[in-house]
Amino acid sequence: MDFLLTVLFGGFVGLGVGSGGLYLIYLTLINGTAQLTAQGMNLYFFLAASAGGAIMHLWHRRADLGAVAVLGVAGAVSAAGGALLAGCIDGELLRHIFGVFMVISGIFALLRK
Amino acid sequence: MKKSRGEKTERKGRGRLYHLIAPGLLAGGINGLFGCGGGIITMLVLSRYLSGDRGDKERTRRIFASTVLSVIPMSLGSAIVYGTLGAVESEDVLPLILPALLGGMAGALLLSRINTGLLKKIFSALVIWSGIRLMM
């Protein structure tokens, strides 16, 4: 069952619907996984789920590689910092902060055209 | 002649790339802190950065492709730190690699055949509900 659900969530990543956030929500709310562990698993999940699509995008030359390079490098550096910060925050507090972030991003996504 | 609001031209030259550093830092920071979310900011930024007719299907694909490729190094940077911190073990990660890969490839192949607009609205509502649950 977990295998099939993960395939389904992977499909959503490929479709660009809800991306990795949905899988993270599944891990925390349904599977009862600890927040920090779920976040880590979600990252590896996203890397695997987006790999095939990324190859296709590169093959078809769909992306603006200059923008990707700048965003990617800047993002990778700060991502490491963000991850270190997450490791310092209490699990329950992190879960609540994450909840706030989900509400804000969900509202934003809903209102976006 | 001053361009009207509806007319946008793609900015050229090195200068525009500097505009992406701060948003990249923000997106990456969020990605690392929450294990997701970098894509939302990245897509927002790229929607403004990659100008063109709003209804342009090609532009939408370009934004999506650029977002996915940008978030991958962010997620990689985060994932390495999470692994180093011991937040995830290999037995947590290995079982999800194959199904995630299969699902992602299927979704990417179906992308041009499915109208994802309604799906996105449903999942946005689900994300809001989940966020409220997580806050409690």
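1. Let's start with where the two chains touch. In this predicted model, the contact draws on 87 residues of chain B and 80 residues of chain A. Between them, chain B and chain A bury about 6900 Å², and 79% of that area sits on carbon and sulfur atoms. On the chain B side, the residues that lose the most area to chain A are B:Phe34, B:Leu69 and B:Leu134; together they make up 11% of what that side buries.

2. Next, what kinds of links run across this contact? Between chain B and chain A there are 14 residue pairs in polar contact, with both residues at pLDDT 80 or more. Which elements of chain B give two or more residues to the side that touches chain A? They are helix H1 (15-18), H2, helix H3 (38-49), H4, H5 and H6 of chain B. H4(B) supplies the largest share, with 22 residues. Sorted by type, the residues on this side of chain B are 56 nonpolar, 22 polar and nine charged.

3. Now for the salt bridge. A search of the whole structure turns up one over all chains, and the count between chain B and chain A is also one salt bridge. The partners are the side chains of B:Arg62 and A:Asp64, at 3.5 Å from N to O. The pair crosses between chains: B:Arg62 is in helix H4 (residues 57-85) of chain B, and A:Asp64 is in the loop between H3 and helix H4 (65-88) of chain A. Are the two partners buried or exposed? B:Arg62 has a relative accessible area of 24%, so it counts as partly exposed. A:Asp64 has a relative accessible area of 8%, so it counts as buried, the cut-off being under 20%.

4. While you are at that loop in chain A, have a look at A:Arg61, which is also placed between H3 and H4. Its phi is near 55 degrees, a positive value in a residue other than glycine. As background, most residues other than glycine have a negative phi. A:Arg61 counts as exposed because its relative accessibility is 75%, and the cut-off is over 50%.

5. Take the contacts in chain B with a separation of 6 or more: residues 24 or more positions apart account for 52% of them.

6. You will find it in helix H2 (residues 21-34) of chain B. Why does B:Gly32 count as buried? Because its relative accessible area is 0%. Leaving aside neighbours within four places in sequence, B:Gly32 is in contact with A:Ala79, A:Gly82, A:Ala83, A:Ala86, B:Ser78 and B:Tyr82. B:Gly32 also shows how folding brings residues together: B:Val81 is 49 residues away in sequence, while the C-alpha to C-alpha distance is 8.6 Å.

7. B:Ser78 is in helix H4 of chain B, and it is buried because its relative accessible area is 0%. Again leaving aside neighbours within four places in sequence, B:Ser78 is in contact with A:Leu43, A:Ala79, A:Ala83, B:Asn31 and B:Gly32. A:Ala79 and A:Ala83 are also among the contacts of B:Gly32.

8. Over in chain A, look at helix H2 (residues 21-30). This helix is mostly covered, with nine of its 10 residues buried. The buried ones are A:Gly21, A:Leu22, A:Tyr23, A:Leu24, A:Ile25, A:Tyr26, A:Leu27, A:Thr28 and A:Leu29. What do they pack against? In chain A, the partners are helix H1 (2-15), helix H3 (35-59) and helix H5 (91-111); in chain B, they are H2, helix H5 (90-110) and helix H6 (117-135). After H2(A) comes A:Gly32, with a positive phi near 70 degrees.

9. A last word on confidence. Chain A has a mean pLDDT of 88, and 96% of its residues reach 70 or more. Among the elements of chain A, H4(A) has the highest mean pLDDT (95) and H5(A) the lowest (85).

Conventions
Residues are numbered from 1 along each chain as its sequence is written. Chains are lettered from A and ligands numbered from 1 in the order in which they are written. Side-chain values use heavy atoms; hydrogens and water are left out. Helices (H or I, at least four residues) and strands (E, at least two) are DSSP runs, numbered from the N terminus. Buried means under 20% relative accessible area, exposed over 50%, partly exposed in between (1.4 Å probe, protein chains only). Contact means heavy atoms within 4.5 Å. A salt bridge is a side-chain nitrogen of Lys or Arg within 4 Å of a carboxyl oxygen of Asp or Glu. pLDDT is the predictor's confidence in each residue, from 0 to 100. Buried area is the accessible area (1.4 Å probe) that two parts lose on being put together, summed over both. A polar contact is a pair of N or O atoms within 3.5 Å; within protein, one must be able to donate a hydrogen and the other to accept it, and residues adjacent in sequence count only if both atoms are side-chain atoms. Ala, Val, Leu, Ile, Met, Phe, Trp, Tyr, Cys and Pro count as nonpolar, Asp, Glu, Lys and Arg as charged, and the others, Gly among them, as polar.
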